[in-house]
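Here is a short briefing on one protein chain.

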Amino acid sequence: MAPMTLHPDSIAVHAGREDLASLGVHALPLDLSSTNPLPDLEVGGMSYEVLATGGHPFEGGSNVYARLWNPTVARFEEALARLEHAEEAVAFSSGMAAITAVLLGVSHESGKRHVVAVRPLYGGTDHLLASGLLGLETTFCAPDGVAAAVRDDTALVVLETPANPTLELVDLRAVVAAAGDVPVLVDNTFATPVLQQPLELGAALSLHSATKYLGGHGDVVGGVVACDARLAAALRRTRAITGAIMHPLAAYLLHRGLATLPVRVRAQQEGARVVAEWLTTRPEVSRVHFPGLPGCDPEGLVGTQQAGPGAMIAVELAGGYEAAAALTARVELFTHAVSLGSVDSLIQHPAALTHRPVVSDAKPSDALVRLSIGLEDPQDLIADLGQALTATARTNSAAMSNAG
Ligand SMILES: *Cc1c(COP(=O)(O)O)cnc(C)c1O
């Protein structure tokens, strides 16, 4: 059967594994070699040249050195590219290493040093851009400010949808149109390729913190970018020079995790729907941010741009920072920890943690906590949030009557 005829769930299980039977194995091979034998000096040198400049290994050549090429990493990249409907993908040691490589690679290729970044973004991305560490100038704007912010020397437009941590959806096609000839990078970490394929909507690059849903079990750090072959070569060259390649064990775990990604994302999303609807009924909660709730998706992008609302929720607490801190301290089934997309549910306070480096006027509200819904029965998650919110409200009213 031709690979292109498969449905996405089947691609998630089979992509990057087509040759396993011919190798006589069933599980993914894990190649941990840091260096590789060279056939002879001539071919070894040619292999080095090709790989260090972003090319693929050639027949009879060598993989030379694990910073340049690793077959286990390449298998994962092939599988992820298929899910993202991309020509290629390039994997990195973390999501931030991937974002850094895109910024360095794209600005170097184009000779342009200006970036337009649509807020809100993940705090680490915001920090990297605002710091000026990479020698690039960044203009931050709202989604409708992209056309005005783009200049002749703009190398890249960066955006996230759904955005971290407010779950705002950005109309990707509108931003692509406003960007004109400037390539658009979409951070697809929250949606995953199960719900959204940004390249189909005109983005040039789709990026993941693979640490999150792609891994899904809280035991891998990685990043990956899906794009066309030309950009992929620029990213591999940057990766080889800066030394940001993904570790093969991480690639093995991520590739293994891809098989269950569609099932996990759909099940976590259904749980999130139940939890989000329940949260709207609670007096301690002043606002629930979840793209599947009425009013949270004014442009109707769920169902057109992304296939479902996803499994991330943000809530604003009526009791502000104190109530938010108390909630994170009182939950028992949720783990109070940063990160997201794991099979178990996590809760964290973005303003104090993931978005701590963001400038105050762009920082998320102090009353906001972010929930990553896992695979637990949503009724158990509701019971946990219920006991934590009730205890929090009691403390609040006690504090108020003391103060009064
Ligand atoms: C976590 C995260 C990143 C950074 O990825 P790391 O793997 O932690 O380096 C980037 N973007 C989003 C949306 C994230 O959630």
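In this predicted model, arginine 236 touches Gly54, Gly55, His56, Trp69, Glu88 and Val90, leaving aside residues up to four places away in sequence. Arginine 236 sits in helix H10 (residues 229–242). Its relative accessibility is 4%, so it counts as buried, the cut-off being under 20%.

**The sheet**
- Five strands form an open sheet with mixed pairing, in the order E8-E9-E12-E11-E10.
- Strand E8 (285–289) and strand E10 (335–336) are the edges, and each pairs on one side only.
- Strand E9 (residues 312–317) pairs with strand E12 (residues 368–372) in the antiparallel sense, over 5 bridges.
- Within this pair, valine 315 stands opposite valine 369 in E12.

**Helices on the sheet**
- H12 packs on the sheet and touches E8, E9 and E12. The direction of H12 makes about 15° with that of E9.
- Helix H13 (residues 320–330) also packs on the sheet, touching E9, E10, strand E11 (346–348) and E12. The direction of H13 makes about 130° with that of E9.

**The nonpolar cores**
- The largest nonpolar core has 61 residues. Phe76, Leu214, Leu279, Val288, Ile313, Leu327 and Leu385 touch the most other members.
- Helix H12 (residues 261–279) gives the most to this core, with 7 residues.
- This core lies between domain 1 (8–33 + 70–258) and domain 2 (262–403), because both give residues to it.
- Leucine 327 touches Leu317, Ile347, Val369, Leu385, Ala388, Leu389 and Thr392, again leaving aside residues up to four places away in sequence.
- A second, separate core has 28 residues, among them Val115, Leu185, Val225 and Ala232.

Note on methods:
Residues numbered from 1 in each chain as written. Predicted model: local features only at pLDDT ≥ 70, side-chain atom pairs only at ≥ 80, totals over all residues. Heavy atoms only, no water. Core = buried A, V, L, I, M, F, W, Y, C linked by side-chain atoms within 4.5 Å. Buried < 20%, exposed > 50% of the residue type's maximum accessible area, 1.4 Å probe, protein only. Helix = DSSP H or I, 4+ residues; strand = E, 2+ residues; numbered from the N terminus. Domains from an automatic or database assignment. Contact = heavy atoms within 4.5 Å. Pairing = 2+ DSSP bridges. Axes fitted to C-alpha atoms, helices over the stretch in contact; angles between N-to-C directions.
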